[in-house]
Structure formats: C-alpha cells, structure tokens
Amino acid sequence: MTHSIEIKNFDDYLRVYAFSLENNEQFWSEVANTRISWRKTWDQVSQCDYHTGKISWYLGAELNVAENCVDRHIQAGRGNKKALIWVGNEVGEEKIYTYQQVYEEVCRVAHALESLGIKKGDRVGIYLPNIPELAFSMLACARIGAIHSVIFGGFSAHSIQSRMNDCGAKLIITSNGVYRGDKWIDLKSNVDEALTSGCPTIEKVLVVPHRSQPKWELQPLDLNWNEVVKPFTPHIAPSHSSEDPLFILYTSGSTGKPKGVLHTMGGYIVYTSYSHQLVFQPQEKDVYFCTADLGWITGHSYLLYGPLANGVTTVMYEGVPQHPTPSRLWEITDQHSVNIFYTAPTAIRILASLGDAPVVKTSRKSLRTLGTVGEPINPEAWRWYSSVVGEDRCPIVDTWWQTETGGILISPLSGITPTQPGSATLPLPGIEPKIFTEAGKTLEGEGQGALVIARSWPGQMRGVYGDSEKFFDTYLKQYPEHYFTGDGAKRDAANYYWILGRMDDVIKISGHRLGTAEIESACIIHSDVVESAAIGVHDDLTGESLHLFVVLKSNVAKTPEISKGLIQLIRKEVGALATPKKIHFVPGLPKTRSGKIMRRILKKLAVREFNDLGDTSTLAEPGVVELIKQAVMGEN
Ligand code: WTA
C-alpha cells in the first residue's frame with residue numbers, strides 16, 4: 001500500500017514524521033522512488049549496523065549520479081532551463097549554463113579524465129576556486145565513477161599534500177589562482193609546493209587557466225585544461241552501484257589529522273535531493289543562491305548535488321560578501337531574481353554590523369526563503385536577517401547538519417514549520433535525534449546534553465577513507481547504538497532543538513571547521529616552542545576566533561618575531577583560515593593528572609574571566625592557573 005509522504009503543511013509534517021519512524025524502510029523506499037532515476041532498483045532498502053559501523057543503503061541498486069543531476073532534466077524537456085549561473089568576483093562577470101550546456105561541459109571533462117587514464121574508483125584531487133570548472137569536474141568524476149576529493153582554496157600546500165597522500169590521488173585539478181575580493185590567492189604555487197614536498201601518487205596536474213594574469217610556471221606534470229578538455233562529444237554514462245564511493249571530503253575532528261569522510265552514490269543523492277526539496281521548497285521557476293564554496297560540504301550538497309538533482313537553477317558566486325561593497329549579495333539577488341538564499345551566520349553578522357543601508361538600497365523582492373548553516377545563529381542576527389533582509393515576509397530555515405551527515409538533519413521546512421529565532425526546530429522525516437545526559441542516559445522531554453541520532457539515514461557517511469575502525473570509534477562508540485554528533489543541544493517543551501555548539505575540540509571560525517590538534521601540531525614545529533593549546537573563543541562576528549596559548553623554551557623570551565613565525569607556520573601547515581587572532585605566551589598549561597589540557601579553563605582565562613574558572617580540583621598543578629592569569633594580565 002502506498003502512503004503519501006507529501007508534506008504541504010505542518011500537520012502533514014507531523015503525520016509523515018511519525019510514519020517515517022514507524023515504517024522506516026517503506027518511507028525511504030518511497031523517497032528514493034520519487035526523487036531519483038534508478039537504472040536498477042534495490043534488493044534491500046538498508047542494512048545498517050551501529051554495533052559494527054557498517055552502513056549500506058539501496059543495496060543492489062544501480063544509478064548514475066551525474067545523469068540524475070543533468071541528463072534526466074534534458075530528457076524531461078528542461079534542456080534550455082538555466083542550470084548554473086556563475087557570478088565572478090568582479091561586478092558584471094557572469095556565465096550562464098543551461099542544463100544542455102552543463103551536460104556538454106560534463107561530457108567534455110568526463111572524456112578528458114578518461115583520456116588521462118582516470119578510471120572508476122580512482123581518486124581525483126580538486127583544488128579549484130568557486131568556478132564552473134569545479135562543478136563540471138565534480139560531476140564528471142561522479143559520471144565516470146572516479147572519487148573526487150575537493151580541497152578548499154584556503155588550505156595550504158601542506159594540507160593538500162597530506163590529503164592527496166591519504167587518499168592516494170592520481171590526478172589533481174587546479175588553477176593558476178583566484179581573486180577573492182582584492183586578494184590574489186596563488187593556488188598553483190601551493191600545488192607545486194605540495195608536489196615538491198612529495199605526493200608520489202599524483203601522475204598529472206590539470207591546470208585551469210582561470211585568469212589570464214599572472215601566468216603560471218609550467219611544471220613537468222602540468223597539463224593545460226584548454227588542451228586536454230576537447231570539444232563536446234556525447235559521453236555515455238555508465239551504471240554504478242548505489243554503494244560505490246562518490247566523494248571523500250576531509251574534515252577536522254578533535255584528535256589527529258583531518259579525516260576523509262566518505263559518501264557513496266545512491267544514499268547521498270537521495271538524501272540531498274530530498275532534504276533540499278523539503279527544507280527549501282523550491283518551485284520550478286525558482287532561482288536558488290547558496291553562497292558556500294564548493295570546497296565545503298554545504299557547497300557539495302546544497303550548491304551542486306541537491307539543487308541539480310532537483311532541476312533547480314543554482315547560483316555560484318566566486319567572491320566574498322563585501323566585495324566591492326556590502327550590497328553585493330543583494331545586488332546579485334536582484335540581478336538574477338533569486339528566490340531562495342542560503343548563507344552562514346558569520347556573513348549575516350558581518351553584513352548586519354555594516355548597517356541596513358547597503359541592504360535597503362536593493363529591492364530583494366524576489367526573495368521568498370532565507371537559510372543559514374554552519375554555526376549557531378544568535379537570535380539578534382536571525383532577527384536582522386528576517387526583518388531587514390527578508391522584510392518579515394521570508395521564513396528563515398536554520399539548518400543543522402555536518403559533513404558526516406551528508407545533508408540537513410534538523411531544520412524548519414520553509415513556510416511549513418513555525419520558526420523560533422535561534423532554533424533549528426525539528427528533525428526531518430526519517431531522522432530520530434536524542435539527547436543524552438553526561439551520565440549516558442537518554443533524556444525525555446525538555447533538557448540539554450549530547451545530541452545523538454538514533455538510527456541511520458541514506459545520507460550518512462559510510463566511513464573514514466582508509467581506516468575501517470575510525471568511523472565506529474569516532475562516532476558510534478561513545479553512545480552505543482547511536483551516532484554521536486559532537487554537538488550539544490537543548491530540547492524545549494515544544495520538542496524544538498537548540499544547537500549549543502561543539503562539545504569536543506572542533507572550532508568553528510566563520511563556519512569553517514578546524515581541529516585544535518592540527519593547529520597545535522603546527523605550533524610545535526617551531527623550534528622555540530615546548531607546547532601549545534589552541535582554543536575557540538566567542539567572537540561577535542565570526543562565532544569563534546582562534547586563541548593560542550604557547551609555552552616557550554625556558555631560555556627563550558617572547559618577541560613579536562616569534563608570534564609572526566608562529567602565524568606563518570600555521571598558515572603554511574594548515575592554511576590562512578587558521579590564523580590565530582591572539583597568541584598568549586604563558587609559562588605552562590593547565591592539565592589534568594592524566595596530562596589532558598583543560599581547555600575549559602583556558603577559554604575563561606583568554607577572555608579574562610578570572611573569577612569564574614569552574615571546577616579546578618582535577619588540575620595536576622593548580623598553581624599554573626595563577627601564572628597564566630599573570631601572563632594574560634600583562635598583555636597589552
Ligand atoms: C555546526 C557544516 C548550529 C555544528 C554543514 C556541526 C551548526 C558543525 C549548524 C558541522 C546550525 C552546522 N546551528 N550549529 N544550523 N549547522 N553547525 O562539518 O557544530 O563544516 O557539528 O558542516 O557545524 O560542521 P561542518
């Protein structure tokens with residue numbers, strides 16, 4: 001018997017939500033049937049075991065993700081519909097591609113990849129700016145079954161090297177560089193440096209000449225995109241298994257180096273298509289604008305795969321929100337009649353701090369839905385977004401999710417779920433969140449604690465690339481039979497969720513995810529440093545900012561040169577996005593008797609909240625706190 005899973009109002013949501021948990025397999029089977037074209041249907045909907053960490057969805061099914069995102073819309077008569085509107089860093093720069101044109105571009109790149117010997121299962125690193133070639137490269141990989149691993153342009157040569165070596169990439173696609181605002185970022189020299197330091201698996205470097213100046217220096221492995229990517233000829237999309245890998249995206253955790261989060265084809269495209277449709281409620285003629293860079297999961301799921309699977313017109317912007325003026329995002333909105341706009345709270349806070357004038361001088365009458373993602377949004381920023389940008393007529397969807405979840409798990413559905421400033425509201429159908437107390441008990445009703453998800457969903461990560469134990473150990477071990485998100489959350493009397501932020505050592509700066517461990521390992525390379533601790537400190541604009549506590553060798557005095565050297569080192573090892581806002585030179589670090597740094601205390605000391613340090617009884621050397629306090633007070 002079929003059961004309607006269509007959601008038009010809040011009652012439908014409640015009904016479908018209940019149905020989705022009671023008849024989980026039937027629900028996900030209907031979602032998959034309605035959203036995606038399959039070459040072969042599944043033998044089994046899911047096989048998910050939180051005791052072992054083995055997760056599979058749509059077993060035995062076959063599909064082609066790129067065909068779902070492109071070809072099938074042409075077959076459905078939407079070939080002339082705009083698929084991708086690219087807006088460049090400079091005002092007036094744009095390129096528009098219809099679905100037919102995206103198809104042709106993807107076919108060209110797919111042929112080019114094959115001509116370079118890239119086969120199904122091979123890993124392809126992509127270090128490109130937010131330009132159409134990035135989208136085409138990802139879709140071309142998906143088409144032929146190669147696994148893409150996109151690296152955000154803000155990461156350094158060292159980060160490229162460690163990611164490419166971890167996944168054993170055969171090819172890296174890059175460009176000579178990019179302007180972000182007025183700043184030129186020389187991507188190519190980062191790739192050259194990574195290769196010089198050693199990326200033994202990389203056979204070729206495919207370079208997109210994005211801006212004519214400056215010219216890049218040709219290296220032995222370099223190939224010019226314009227010579228390799230030949231004129232269009234059709235490319236036949238092969239069938240892939242639902243559980244074939246689609247991409248690896250590296251993300252920071254609380255320990256060690258970034259993990260290669262693995263997503264597979266069938267479940268990911270079902271989930272991104274479904275959640276995009278449900279949360280944003282796009283209509284056939286809508287223009288949708290997600291300001292994220294494709295180098296992050298938001299770009300993957302909700303700039304590229306989700307919207308294109310849904311046949312939506314998606315806007316891709318190369319630049320930054322304030323370039324050349326703080327009106328830029330609203331000017332793009334007016335120019336392209338954007339209906340749905342999706343950005344990060346940091347961008348909202350920065351624009352709000354610049355006043356209403358740059359917003360109100362634009363029309364924004366096309367806007368219908370506004371979204372946020374990546375970090376908690378404070379009610380004040382939410383209200384500004386709602387009243388000034390959305391003129392109190394656009395619902396705000398505060399979407400909570402993670403690289404690991406593949407897509408949005410908790411969020412209002414636009415125009416359907418009653419919203420509350422600062423709350424991500426309710427789970428999507430099929431998603432069962434729970435809150436655990438510190439003592440490891442599930443909490444019923446109101447309360448706060450660790451946010452976990454009780455069962456699998458199709459968009460869930462399948463593993464950490466190259467490490468079969470890590471997925472289970474990191475996400476499933478702590479709360480048996482539940483996926484631990486790493487976030488704390490509060491549930492109110494109406495069952496609404498309020499995300500409180502990370503409970504682990506992950507820092508979110510402007511919505512960008514960084515781990516303390518990778519920053520600390522960079523610091524100790526400095527010959528004058530004994531040890532260091534990186535912490536996130538509340539920041540009114542960027543959500544959190546990075547503070548470093550550094551212990552120097554006993555015979556070394558702090559100097560501005562050491563600070564400069566440390567900043568350079570972190571930029572070199574991790575990337576510019578990890579630049580510390582403040583370095584505190586201190587005589588020691590507060591540690592427990594087992595040697596664990598008590599970051600909670602450092603967070604207080606960093607903001608000079610000396611009287612409210614909480615429980616310090618577990619400190620191995622309580623005296624160190626007073627010494628750090630003296631050092632912080634002595635700073636100018
Ligand atoms: C945080 C980004 C509050 C959260 C999609 C999560 C949020 C981490 C929200 C994942 C939100 C994301 N409200 N916090 N709406 N969305 N987060 O992997 O701490 O870059 O665990 O994925 O961002 O970051 P990631």
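What covers the buried residues of H6? The cover includes strand E6 (123–127), strand E7 (147–150), strand E8 (171–175), helix H7 (187–198), strand E14 (245–251) and helix H17 (560–573). Keep in mind that this is a predicted model.

**Helix H6**
- Helix H6 spans residues 157–167, and its buried residues are Ala157, Ser159, Ile160, Gln161, Arg163, Met164 and Cys167.
- Just past the end of H6 comes Gly168, with a positive phi of about 65 degrees.

**Nonpolar cores**
- The largest nonpolar core holds 118 residues, and Trp28, Tyr58, Ile173 and Tyr305 have the most contacts inside it.
- Another core, of 44 residues, lies apart from the largest one and has Tyr127, Ala157, Met164 and Ile509 among its members.
- Two of those members, Ala157 and Met164, are also buried residues of H6.
- Ile173 touches Leu113, Val124, Gly125, Ile126, Tyr127, Leu128, Ser137, Leu206, Val208 and Trp225, once residues up to four places away in sequence are set aside.
- As background, nonpolar side chains in soluble globular proteins tend to be buried together.

**Pro458**
- Look for Pro458 in the loop that runs between strand E23 (447–453) and strand E24 (463–464).
- Pro458 counts as buried because its relative accessibility is 0%, where the cut-off for buried is under 20%.
- Beyond its neighbours within four places in sequence, Pro458 is in contact with Trp28, Trp57, Tyr58, Gly267, Tyr268 and Tyr271.
- Gly407 is 51 residues from Pro458 in sequence, yet their C-alpha atoms are 9.5 Å apart in space.

**The ligand site**
- The ligand is surrounded by 17 residues, of which Asp398, Thr403, Asp487, Lys508 and Arg513 are the closest.
- By type, the shell around the ligand divides into six nonpolar, five polar and six charged residues.
- Ligand nitrogen atoms are found 3.4 Å from a polar backbone atom of Glu375 and 2.7 Å from a polar backbone atom of Thr399.
- Lys508 takes part through its side chain, where an N or O atom is 2.7 Å from an oxygen atom of the ligand.
- On its own the ligand has 520 Å² of accessible area, and the protein covers 97% of it.
- Helix H10 (297–309), strand E20 (396–399) and strand E26 (497–502) are the elements that each give two or more residues to this shell.

How values were computed
Residues are numbered from 1 along each chain as its sequence is written. This is a predicted model: local features need pLDDT of at least 70, side-chain atom pairs count only at pLDDT 80 or more; totals for chains, interfaces and linings use all residues. Side-chain values use heavy atoms; hydrogens and water are left out. A nonpolar core is a set of buried Ala, Val, Leu, Ile, Met, Phe, Trp, Tyr and Cys residues joined through side-chain atoms within 4.5 Å. Buried means under 20% relative accessible area, exposed over 50%, partly exposed in between (1.4 Å probe, protein chains only). Contact means heavy atoms within 4.5 Å. A residue is near a molecule or strand if one of its heavy atoms lies within 4 Å of it. A polar contact is a pair of N or O atoms within 3.5 Å; within protein, one must be able to donate a hydrogen and the other to accept it, and residues adjacent in sequence count only if both atoms are side-chain atoms. Accessible areas come from the Shrake-Rupley method with a 1.4 Å probe; for residues, only the protein chains shown count as cover. Helices (H or I, at least four residues) and strands (E, at least two) are DSSP runs, numbered from the N terminus. Ala, Val, Leu, Ile, Met, Phe, Trp, Tyr, Cys and Pro count as nonpolar, Asp, Glu, Lys and Arg as charged, and the others, Gly among them, as polar.
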